[in-house]
Amino acid sequence: MENQQETPAGVETDEEFPDEFQCCVCWDLLFKPVVLACGHISCFWCVFKMMNRQGVSHCPVCRHPYNHFPSICQLLHFVLLKLYPQDYKRREQQVLGVSQ
Ligand SMILES: [Zn+2]
Ligand SMILES: [Zn+2]
């Protein structure tokens, strides 16, 4: 007798995410992703914290210089939110310092 039950979607707490969605600074799931001029993707806050306010900033991975503050990639933001809602929520609380 077989009693196979499918696990309902959305109950797992640790969602796996591929390297493409991993921030190159904090090694966690990207949160509010920004795409730098060199093509590297990082969280908005990770880039923000590493920025040089006086002059040219550099990519934390390849040291590629950039002058303009990159804007959040809205498309990727919504993709991540849809694919990894729990991890994204966790990241949001981490970043915003919310403890609930
Ligand atoms: Zn990050
Ligand atoms: Zn780079």
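Which residues touch the most other members in the largest nonpolar core? The exercises below work through that and more.

This is a predicted model: local features need pLDDT of at least 70, side-chain atom pairs count only at pLDDT 80 or more, and totals for chains, interfaces and linings use all residues. Residues are numbered from 1 along each chain as its sequence is written, while chains are lettered from A and ligands numbered from 1 in the order in which they are written.

**Exercise 1. Find the centre of the core.**

Start with burial. A residue is buried if 20 or more other C-beta atoms, placed from the backbone, lie within 10 Å of its own; it is exposed at 12 or fewer and partly exposed in between. A nonpolar core is a set of buried Ala, Val, Leu, Ile, Met, Phe, Trp, Tyr and Cys residues joined through C-beta atoms within 7 Å. The largest one has 13 residues, and L29, L30, F31, C43 and V47 touch the most other members. Helix α1 (residues 44-50) gives the most to this core, with three residues. Helices (H or I, at least four residues) and strands (E, at least two) are DSSP runs, numbered from the N terminus.

**Exercise 2. List the contacts of L29.**

Two residues are in contact if their C-beta atoms, placed from the backbone, lie within 7 Å. Set aside neighbours within four places in sequence. L29 then contacts F17, F21, Q22, L80, Y84, D87, Y88 and R91.

**Exercise 3. Check the length of α3, then sort its sides.**

First, the length. The expected span is 1.5 Å times one less than the number of residues. For the twelve residues of α3 (residues 85-96) that gives 16 Å, and the end C-alpha atoms are 16 Å apart, so the two agree.

Next, the sides. D87, Y88 and R91 of α3 are buried. They cover an arc of only 100 degrees around the axis, which puts them on the same side of α3. The arc is that of the directions from the helix axis to the C-beta atoms. On the other side, P85, Q93 and L96 are exposed.

Last, the cover and the end. The cover over the buried residues includes α2 (74-83). After α3 comes G97, with a positive phi near 70 degrees.

**Exercise 4. Compare W27 and K32: buried or exposed?**

Take W27. Its phi is positive, about 60 degrees, although it is not a glycine. W27 counts as exposed because it has 8 C-beta neighbours inside 10 Å.

Now K32. Its phi is positive too, about 50 degrees, and it is not a glycine. K32 has 21 other C-beta atoms within 10 Å, so it is buried.
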